[in-house]
Amino acid sequence: MSTDLPYLRSYPASLQDQARDLLAQGKLGAVLQRKYPQAHAVRSDKALYDYAQELKARYLRNAGTINKVLFDNKIHVVRHALGLHTAVSRVQGNRLAAKHEIRIAAMFKQAPEEFLRMIVVHELAHLREKDHDKAFYQLCTHMEPQYHQYEFDLRLYLIHVEQAGTRLWGGDGS
Ligand SMILES: [Zn+2]
């Protein structure tokens, strides 16, 4: 009998087994906290916007404009595990302007900086690459070489939250 781990479905069975073992031993949360002891200090939508703009200026200077970046407590984490990138096209006078918004699940307001960076990098990469294809992930790892490791660990955290019902790094569930 083994726990189904939907967040890890696309990972090799060996990695899923490791996660199951940690979960069964009740150690998943502790392992994550030891690996990522500190929460980031991005406490507001304004700080998040600046954080995203800084990454964009460094790696994607010419990739269009982001109009809005915010923590969104309406994002249902199970469906949109990470964040949500929307490009809303609207007519402004005679020209069509794309309005880019990046929404990040509010639960990541209390999380390690590595997780936040991974999510922001993911959403920024969508400014240039629409699909989750090879070019997309190349761009992600260009912006953050540890992208895949952070995504895996973030998914472990989602499993921990679901199974244990508690947040790490000071999240109080609100
Ligand atoms: Zn995506």
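Me: Is the crossing of H4 and H5 right-handed or left-handed?

Reply: The crossing of H4 and H5 is right-handed. Please bear in mind that this is a predicted model.

Me: Which residues make that contact?

Reply: On the H4 side they are Val121, His122, Leu124 and Ala125, and on the H5 side Phe136, Leu139, Cys140 and Met143. By class, the contact of H4 with H5 has seven nonpolar residues, one polar residue and no charged residue.

Me: And what is the angle between H4 and H5?

Reply: Helix H4, residues 113-125, packs against helix H5, residues 134-143, at about 135°, and their axes are 9 Å apart. H4 and H5 are therefore oblique to each other.

Me: Let us step back. How many helices and strands does the protein have?

Reply: The protein has six helices and three strands. Along the sequence they follow the pattern α-α-α-β-β-β-α-α-α.

Me: What share of the residues is buried?

Reply: Of the 174 residues in the protein, 30% are buried.

Me: What about contacts between residues 24 or more positions apart?

Reply: Among the contacts with a separation of 6 or more, 64% join residues 24 or more positions apart.

Me: Which residues touch the most other members of the largest nonpolar core?

Reply: They are Phe108, Phe115 and Val121, in a core of 35 residues. At least two residues of this core come from each of H2, H3, S1, strand S3 (95-105), H4, H5 and H6. H4 gives the most, with eight residues. As background, nonpolar side chains in soluble globular proteins tend to be buried together.

Me: How do H3 and H4 pack?

Reply: Their axes are 10 Å apart, at an angle of about 60°. That angle makes H3 oblique to H4. The crossing of H3 and H4 is right-handed.

Me: Now H2 and H6. At roughly what angle do their axes cross?

Reply: The axes of helix H2, residues 28-35, and H6 cross at roughly 140° and come within 9 Å. H2 is therefore oblique to H6. H2 passes H6 in a left-handed crossing.

Me: Which residues of H2 and H6 meet?

Reply: From H2 there are Leu28, Gly29, Leu32 and Lys35, and from H6 there are Asp153, Leu156, Tyr157, Ile159, His160 and Ala164. The contact of H2 with H6 divides into six nonpolar, two polar and two charged residues.

Me: A few single residues, then. Where is Trp169?

Reply: Trp169 lies in the segment after helix H6 (147-164). Its phi is near 55°, a positive value in a residue other than glycine. In general, most residues other than glycine have a negative phi.

Me: Why does Trp169 count as partly exposed?

Reply: Trp169 has 19 other C-beta atoms within 10 Å.

Me: Last one: where is Asn62?

Reply: Asn62 is in the loop between helix H3 (45-59) and strand S1 (66-72). Asn62 counts as exposed because it has 7 C-beta neighbours inside 10 Å. Between the C-alpha atoms of Asn62 and Arg128 the separation is 9.5 Å, and the two residues are 66 residues apart along the chain.

How values were computed: Residues numbered from 1 in each chain as written. Predicted model: local features only at pLDDT ≥ 70, side-chain atom pairs only at ≥ 80, totals over all residues. Helix = DSSP H or I, 4+ residues; strand = E, 2+ residues; numbered from the N terminus. Buried ≥ 20, exposed ≤ 12 C-beta atoms within 10 Å, placed from the backbone. Axes fitted to C-alpha atoms, helices over the stretch in contact; angles between N-to-C directions. Parallel < 35°, antiparallel > 145°, perpendicular 65-115°, else oblique. Left-handed = near helix turned anticlockwise from the far one by under 90°. Contact = placed C-beta atoms within 7 Å. Nonpolar A, V, L, I, M, F, W, Y, C, P; charged D, E, K, R; others polar. Core = buried A, V, L, I, M, F, W, Y, C linked by C-beta atoms within 7 Å.
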